[in-house]
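Good morning. I have one structure to show, and I will talk about which parts of it touch. Please have a look at it first.

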Amino acid sequence: MLRYILQRVALMIPTLIGVALLVFLMLRAMPGDITDVMFRGEGGGVPEELIVAERQRLGLDQPIWVQFGKWFWGLLQGNLGVSMWTGQPVAYEIAIRLELSLQVAVMATLLAVLLAIPLGTLSALYKDRWIDQAIRVFSIAGLAVPSFWLGMIIILLLLTLFAWHPPLTFTRFTTDPVANLSQLVWPALAVGYRYSAVATRMMRSTILEVLQEDYIRTARAKGVFERLVIVRHALRNALLPVVTVIGLEFAFVIGGLVVTEQVFNLNGIGKLFVEAVTRGDNTLVQGLVLLVATTFILINFAIDLMYAWLDPRIRYR
Amino acid sequence: MSTAAAGNPGAGLSPLLSVEDLHVHFVTSRGVVRAVEGLSYDVRAGEMVALVGESGCGKSVSALAVMRLLAKPAGRVVAGAVRFDGRDLLKLTEDQMREVRGRDIGMIFQEPMTSLNPVLPIGFQITEPLFMHQKIGAEAARARALDLLRMVGIPDAERRLEQYPHQFSGGMRQRAMIAIALACDPKLIIADEPTTALDVTIQAQILELMKELSRRLGIAMVMITHNLGVVARYADRVNVMYAARLAEQAAAEALFARPLHPYTVGLLRSVPRLDQPRGPRLETIEGLPPNLLAPPPGCRFAPRCAAKQPECEQRVPPLDEIGPGRHSACLRAAELASAGPQALGLQDAEAGAAPPAKSLDPLPVIEVRGLKTHFDVTRGLVAAHRAVVKAVDGVSFEIRRGETLGLVGESGCGKTTIGRTLLRLEEASAGEILYRGTDLTRVNGALLKDYRRRIQVIFQDPYSSLNPRMTVGEILAEPMRVHGLQPDRRAARARAGELLEQVGLYAYMAERYPHELSGGQRQRVGIARALALEPEFIVCDEPVSALDVSIQAQIINLLEALQQRLGLTYLFIAHDLAVVRHICDRVAVMYLGKVMEIADRDALYAAPQHPYTQALLDAVPIPDPRLERERSRVPLRGEIPSPLDPPQGCVFHTRCPLAEERCRREVPALREIRPLHFAACVKL
């Protein structure tokens, strides 16, 4: 098992190198660089020498492979480089926002899991009855409604009904849990609803599938209580595909909440991503892409381990 | 509960289980299927009662109805009563019924591969009914589970408790299923085709085990099966079902001695038997069972019955008592009882005549020499642990023109791999396959394509070997198109119609999709596809094992007729020794990738030399209770070892009753024991 984990970690390295190379080249393929955004917008008028000096300072005048070599050498030493815009280390820029994004992702995932497993199961057990119909309406609505729109509705309702809006600045959970939660619960709700809808639909269909299996009939023929038939015999077998959906969605939520973060005015990874791209802050974009790629790989890895735990037929050696 | 074993005080008095006039309906999108209509039977304490019939006759559905496990909401009992131990099970509350399941009535299902939960340990699954029905501590439950595993013959029980179903072989899983059914000392066990998915030697082991346990513990048993041999060997009384209704009811001996329903007569005659001389062709029941959405009026069997009279098609025959304990739902049952089936035209005139002698070309069409097919398997993700499965390990035989060579053995013996290697669907690791002198293992490109045309295949499963999105016509035209035989579309269509008629279907069926055909019809389409290229040699890979008995006989007769008419040569791969005896001229018995014995059919079946062949033949139940009673019943021990780790010396020595020290070391060569009769055993 340990051997397997080491292998998987080793296999991550070529993937990440590939991602690094690809994102570096793609960013360089775009026309213009950060100096255009800094000095050439809004009427211009900045002397050309200044721009050349700035390009020199940022190393943008060097051949592309030299630029890559320097950045990659830094990567190997665990250095993501310095943001071209703020001058702060990329790792720092990401770190101060990651906590917030991670917390939203974890809360949204918890919400999704807590909703999806019972709702999906109920929906399957009462297939085509009113409970199933109600849950279906609830979950299809979750799929249809964009989470940023739901976020706006949440804010509007809070304002009109309670004349209250969530705090605008991030407070750590450890410093003040109430302030922290009163800011982050709402985006987690908006995102988690959609997320739970995907997982609920998946849960419903896998439970329906598993209930057709012969071993469910065996369990009933043994005189097992119907509730235990579901919880012991059906649920664990049905969870496998749901785990995949939940994991991939989690990785998406880390970096993909671009609009939702704007709506709630959250200073998270999504917002940072948009800013870095519009500013042409290539080192920051590279760092962010690597972060998202690493998250996806790690989550996939976690899903595989979860599979082995849920299903004894899968054993990694 | 052990008092139940000490004689059956209730035996002979009121029955333990009494199914009375049971009617089960299934609501489907196409209408109501009357799956069971008016089924009545009794089971007395300690008795073994069989429910026999072909697929779709309602036997399994009726068992699920007794357990109240019908798929909801589609399936429902619309009338009848199920009296068990003085109570009507159909009137119990859901919770009362739950207490009956697993405690008073245990159940064993057909598919040991899917009937156990893959994510729970075996021990947990065995103790679960104990926790449901008894106040028992974890320690006591574990002790009971160990007892049960030993009782059903699972060695190394301590370790086995912790294991998961995928670590068990099929036979071991079925033993575990029996342990689950036995856990709470039930009064009745319902076994739904418990051995259909198992090899014949494992089937014999499991059935002996069930019979012995049922005797010793005084458990009554309802055995649902399509296998008349199993019925003859084990059942006290038999209920024959056809198209949702009871056809006949009798004590086992009486039923086999003189069946009193034309369907039973046909069923008994269409099974090839080891104990009777081989006729020129099998008798069959023509036609197909009726569609239960729109069953024929009157007797359900009338459309297929050779003894039908006009009245049969108008009046539903009642289940009349013909003699003591004998019931038949046939209007001519009394005639059948007094005059016998022959008088009613139920016997094929040709039956009993000696088969015509085949004149065989002395020149072999196929010569296999020292064939080896090995597979590399990597355990784990990296190639660190390599292992080699020797699926076929040094096999030689030849097949002459017009001949049928049978290849038999338990699953995992390599018989299917030989077929696939001959077709070049697997690559040979060593050896030669000579087709009219050319080594097929070496040909490539256009030459290979040409051989592919001359060597065709019929697969086992008629459900998965036809593309569901192509019409029958397209399926038949495809090989012709690939080989450029009928470039003209109209000519291809005409040829497809011709092929369909050749295999006993109608030309208009070319427009149909496979799902619109029955299993037997699909297998005919599979045969037509093989014939499309006018091949010389056909590999038949278990072509009838997925089919019902009456359909199986039709297909075997078709294959034989085609062979005669078209001069075909067959390699017939099968596990059913009786079928092989009927259709094959010579037979090769395989075990773990090696040929154990090869000889002419009559020599092999009359005087099997190799202990493995003898054991296989002993394990086949014969549909005649009197003969069965006289046969020795020492089933072959153990199971076929893993081909990853085959035994040293003779591969069979671990299970061989004659094995001695020498067998552990020496690999026996295939020697000519008698003229043209080869066997690989040092003791011969």
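I will start inside chain A and then go to the contact between the two chains.

Keep in mind that this is a predicted model.

Chain A first. Where they touch, 14 residues of domain 1 of chain A meet twelve residues of domain 2 of chain A.

Let us stay on the domain 1 side of that contact. Which elements give two or more residues there? They are α1 (2-29) and α2 (34-40) of chain A. The most comes from α1(A), with nine residues. As for the kinds of residue on this side of domain 1 of chain A, nine are nonpolar, two are polar and three are charged.

Now the contact between the chains. Here 21 residues of chain A are in contact with 27 residues of chain B. I will describe the chain B side. On that side, α2 (94-100) and α3 (122-133) of chain B supply at least two residues each. The largest share is that of α3(B), namely four residues. Sorted by class, the side of chain B that touches chain A holds 13 nonpolar residues, along with seven polar and seven charged ones.

To recap the two helices to find on screen: α1(A) gives the most on the domain 1 side of the domain contact, and α3(B) has the largest share of the chain B side that touches chain A.

Terms used: Residues are numbered from 1 along each chain as its sequence is written. Chains are lettered from A and ligands numbered from 1 in the order in which they are written. This is a predicted model: local features need pLDDT of at least 70, side-chain atom pairs count only at pLDDT 80 or more; totals for chains, interfaces and linings use all residues. Two residues are in contact if their C-beta atoms, placed from the backbone, lie within 7 Å. Ala, Val, Leu, Ile, Met, Phe, Trp, Tyr, Cys and Pro count as nonpolar, Asp, Glu, Lys and Arg as charged, and the others, Gly among them, as polar.
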